Amino acid sequence: MINIGRYNTLKVARRVDFGLYLDAGDGLEILLPQRYVPDGVKIGDELTVFIYNDSDDRLIATTETPFATVGEFAFLQVRDVNATGAFLDWGLPKDLLVPFSQQRARMNRGGIYLVYVYFDDSTKRIAASAKIDKFLGNVIPRYRDGDKVSCLVIDHTDIGYKVIVDNLHRGMIYENQVYRPLELEQTIEAFVRAVRTDGKIDLILSDKTGRRVSDLSEHILQAIDDEGGQLFITDNSTPDEIKAAFACSKKDYKKALGYLYKKGLIMLSREKITRAENRGDDICQGHSLND
């Protein structure tokens, strides 16, 4: 059984002048137009293709990559608006419809909107909805502390960044956990910090403190070398100075300095940090903070 609006791996059944027909099972064949046929494909080969409805509502296959598939959220731009609804550019020849009933407010040509792509069982067509709330929080989150997830950044507030987690849940990355710029519409990897009782998820951008500080330690050593063997950002520097230089918190910076000092790689004073005579550059590699 094929999944409309998603990627499918299908066998090449036969070749015609205008493309290939792919075996979709139960006697159904789906056309892959000639312009999408990879070089060297033979009858019986398997191809991974995206299946959607063309302008005549026939199922069609493509090797092009849409901006979003069924079950995903994305920010998409309106190409046109007519009496049916708004039509979004989603990277394929046929635009994606957002019916008026699925718009929070009337969409305008050229506008960019957050939508959810779904398969409409009543019309048997792929469509999109800007009423995203009904597509979130419908599955109980089954995450553990430290699990890696994919996040779409959808808003920036005073307390942090709102995200959609794995196209299923609402999440938050708090401002004090952000040490590098995040952009709206950006998809990032993050790590679960806690699952709240309301099903929303608190996230951080680094998985474990040890790994984060180990990476920061290497960054500090490189910065010392780049500055000729000494660095004037110490554990007495302000949090803003440290964040601007190393995109980290003062707490993590002090941990990294302590790690490097323990390993005999740096010398510390109130005014500066210098390389110790023992320059074992590889000592940081493969060690935890508890070594």
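## First stop: a loop residue

Select Glu185, which is found in the loop between strand S13 (169-174) and strand S14 (187-195); helices (H or I, at least four residues) and strands (E, at least two) are DSSP runs, numbered from the N terminus. The phi of Glu185 is near 80 degrees, a positive value in a residue other than glycine, and Glu185 is partly exposed, with a relative accessible area of 42%. On the scale used here, buried means under 20% relative accessible area, exposed over 50%, and partly exposed in between, with a 1.4 Å probe and protein chains only.

This is a predicted model, in which local features need pLDDT of at least 70 and side-chain atom pairs count only at pLDDT 80 or more, whereas totals for chains, interfaces and linings use all residues. Residues are numbered from 1 along each chain as its sequence is written, and side-chain values use heavy atoms, with hydrogens and water left out.

## The chain as a whole

Along its principal axes the C-alpha trace spans about 75 × 50 × 35 Å. The radius of gyration of the chain is 26 Å, whereas a compact globule of 291 residues would have one near 19 Å; the radius is taken over C-alpha atoms, and the globule rule is 2.2 Å times the number of residues to the power 0.38. If you colour by accessibility, 43% of the 291 residues count as buried.

Next, select strand S12 (residues 160-165), where five of the six residues are buried, so the strand is largely enclosed by the rest of the structure. Strand S11 (residues 148-156) pairs with S12 in the antiparallel sense over five bridges, where two strands count as paired if DSSP finds at least two bridges between them. A hairpin of three residues joins S11 to S12. On the other pairing, S12 and S13 are antiparallel over six bridges, and they form a hairpin with three residues between them, in whose turn Asp166 has a positive phi of about 50 degrees.

Which residue of S12 is the bridge partner of Val153? The partner is Val163, and Val163 also stands opposite Gly171 in S13.

Move to strand S4 (46-53) and strand S5 (residues 59-62), which run antiparallel and are joined by four bridges. Ile51 has Ala61 in S5 as its bridge partner. Five residues lie between S4 and S5 in this hairpin, and Asp57 in the turn has a positive phi of about 65 degrees.

A pocket here is an open set of points on a 1 Å grid over the protein atoms alone, where a 1.4 Å probe fits, with protein on both sides within 12 Å along at least five of seven lines, and lining residues have an atom within 4 Å of a point. The volume of this second largest pocket is about 300 Å³, a volume being the space filled by probe spheres set on the points, with grid points joined across faces, edges and corners. At least two lining residues each come from S4, strand S8 (96-99) and strand S10 (125-129).

## The sheet of S16, S18 and S17

Now show the open sheet of three strands, whose order is S16-S18-S17 with antiparallel pairing. Strand S16 (230-231) and strand S17 (266-268) stand at the edges, each with a single partner strand, so one side of each is left without a neighbour in the sheet. Three bridges link S17 to strand S18 (residues 273-275) in the antiparallel sense, and Met267 has Thr274 in S18 as its bridge partner.

## Last stop: the helices

Finally, select Ala247, which lies in the loop between helix H2 (239-246) and helix H3 (250-262). Ala247 has a positive phi of about 50 degrees although it is not a glycine, and at 33% relative accessibility Ala247 counts as partly exposed. In helix H1 (residues 209-226), pick Asp215, which at 44% relative accessibility is partly exposed. A C-alpha to C-alpha distance drawn from Asp215 to Ala256 comes to 8.8 Å, although the two are 41 residues apart in sequence.
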